[in-house]
Amino acid sequence: MSEGLRDLLLRWGRASHVVKPISLPKSKAVEVATCIINGETLDPRPTEDLNRLNCLLFSCSKNNDFSQLTSTNWRNSPLALNGQQSLLTDITLLQRYLKELENRIRVRILRYLAIIYLDTFSADSQSTKHIANFLQRYADKMGPIWLSARNEHCIFSPAQTIPHLANLLATQVGPATLADTFSACGLHRSIAQSNVGLFAFEQAVRSITDNFKRLEGIHATRTIIALSVNKEGSLIFGGGSKVINILCNALLLPFSHASPSAEQRTEIEAFLLKHLKDPRLNAACWNGASYEAREVMLRWLTKQSLELFLEIVDNVVNTSEDAKRMWQNRKRLWRSYLSKGFIDQAWVVLGRDGEEYAKKISSQPGQSQLSYGRLFHSTDVVKHIALMMKIDSVIVVDWSHLGKCHIWPEKDPSAPAFYHISYSKIQLERGSEISFAHDVHGTWMKKVTTEIFRRTGRQAP
């Protein structure tokens, strides 16, 4: 070693600043190529007319003569298996196609076939089983990600893959989306968008809730909610009726005869109202939900309307000591009817001050969106608030301040209709069969409870 080089190395070793190695950015081309080799990318859909190819493929399979198919036809053929003339519904034709395909094995053909397998998956389907057996034999030619999916996650074993994937989803450590959970296990991202992903989601949710019977703890609730949305925050699979049915059964049916914790109910309510809206106002959004699940949500919203009325009167309306004293008795009365399950429906109509207070509540983090009607005409459109209730066969409207409590038979055409966006004071009082004026001593309440009992047989203390 020369003196000059030795001196340079000694100077380097005594340098006060550490010289960091240069780190060159990764090549995008290398990253893309690596993904393609591993089978991590979803190959672009072909420009070829798949409807025409479907008819041609069906004809060739029926005649057991595939000589008309070009190399491009063969490359895109898996994507044309399911169409107007589907080979997936005729096992004989499917077997002929797969037998011929063995002589034309290509990576892209196999990956397209895997996509069709995932999208049309049904554990009991013969076509699913035949395609699975085919892919099972050739997974080593599809890239490491598909080989791992076969070996570690039974992806091409129809009887085993759904229980296996469902277990991955149900036992995740922290709440994560369907796609993120599968991706963390090294699975192809297309699985989360396929029939396989949907079946795994359903079985995972059933496992977490003991077949929709129990939902214990906030972690389980958050796991289900996280699995049901994609990274953009929308419901998976476009929020179709199947997803809505699974989701509502999981989050609501466990509470048909039990009560969730306050934290659970708040999160479930906020989530369902965000994605499915209020079923009282947007019934069509709940078409996929079971009747039993909707009944639980409606019961919660009935309580929400009553509690909203009580809270706003407490904080906005009552200013005098007499009003507060009178209000405490009324609060206990309607809560006693609610606690016994006697209030079948409830809807609150707010004046301007009440609406402003409701907006403040809704703006709080984690708070569900509140639904209510607006009072557009009254003797005091700013302060007045009305509570509408259906108790068995009667409609009851009670007011804040000193307004009367009005009662109609349910079938009375003059009785106000529930869940309108706006009301006038006249609409909420017109044609009532009987009304009771409030008084400081509370004698009106005895009259109201007696009248409700006489008409319905429901008696609150």
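**Close-up views of the sheet and its salt bridges**

**View 1. Lys390 has its bridge partner, Ile395, in strand β4.** This is a predicted model in which local features need pLDDT of at least 70, side-chain atom pairs count only at pLDDT 80 or more, and totals for chains, interfaces and linings use all residues. Residues are numbered from 1 along each chain as its sequence is written, and side-chain values use heavy atoms, with hydrogens and water left out. Strands (E, at least two residues) and helices (H or I, at least four) are DSSP runs, numbered from the N terminus. Strand β3 covers residues 385-391 and runs antiparallel to β4, with six bridges joining the two. Two strands count as paired if DSSP finds at least two bridges between them. Two residues lie between the strands of this hairpin. Asp392 takes a positive phi there, near 60°.

**View 2. Strand β4 is covered on both faces.** Val394, Val396 and Asp398 are buried on one side. Ile395, Val397 and Trp399 are buried on the other. Side chains in a regular strand alternate between the two faces of the sheet. Buried means under 20% relative accessible area, exposed means over 50%, and partly exposed lies in between (1.4 Å probe, protein chains only). β4 spans residues 394-399, and six of its six residues are buried, so the strand is largely enclosed by the rest of the structure.

**View 3. Strand β5 pairs with β4 in the antiparallel sense.** β5 is formed by residues 405-409, and four bridges link the two strands. Ile395 has Trp408 as its bridge partner in β5. Val396 stands opposite Ile407 of β5.

**View 4. Strand β1 is joined to β3 and to β2.** Six bridges connect β1 with β3, and these two run antiparallel. Trp347 stands opposite Met388 of β3. β1 and β2 run parallel, joined by two bridges. Here Leu350 has Arg374, in β2, as its bridge partner. Five of the six residues of β1 are buried, so β1 is largely enclosed by the rest of the structure.

**View 5. Seven strands form an open sheet with mixed pairing.** Their order is β6-β2-β1-β3-β4-β5-β7. β6 (422-424) and β7 (434-436) stand at the edges. Each has a single partner strand, so one side of each is left without a neighbour in the sheet. From one strand to the next, the twist averages 25°. Helix α17 (residues 352-362) packs on the sheet. α17 touches β1 (345-350), β2 (373-377) and β3, where contact means heavy atoms within 4.5 Å. The direction of α17 makes about 110° with that of β1. Axes are lines fitted to C-alpha atoms, for helices over the stretch in contact; angles run from 0 to 180 degrees between N-to-C directions.

**View 6. Five residues are linked in a network of salt bridges.** They are Asp344, Lys390, Asp392, Glu410 and Arg458. A salt bridge is a side-chain nitrogen of Lys or Arg within 4 Å of a carboxyl oxygen of Asp or Glu. By this rule the protein has 21 salt bridges. Side chains of opposite charge can pair when their charged atoms come close.

**View 7. Glu263 and Arg222 form a salt bridge through their side chains.** The N to O distance is 3.2 Å. Glu263 sits in helix α14 (residues 262-276) and Arg222 in helix α12 (residues 218-227), so the pair ties together parts that are 41 residues apart in sequence. Glu263 is partly exposed, at 43% relative accessible area. Arg222 is partly exposed too, at 34%.

**View 8. Two further salt bridges are Asp210 with Arg214 and Glu429 with Lys425.** In the pair of Asp210 and Arg214, the closest N and O atoms are 2.3 Å apart. Asp210 is partly exposed at 33% relative accessibility, and Arg214 is partly exposed at 42%. Between Glu429 and Lys425, the closest N and O atoms are 2.6 Å apart. Glu429 counts as partly exposed at 21%, whereas Lys425 is buried at 16%.

**View 9. The whole protein holds 18 helices and seven strands.** Buried residues make up 48% of its 461 residues. Among contacts with a separation of 6 or more, 70% join residues 24 or more positions apart. The accessible surface comes to about 23200 Å², and carbon and sulfur atoms supply 52% of it. Areas come from the Shrake-Rupley method with a 1.4 Å probe; for residues, only the protein chains shown count as cover.
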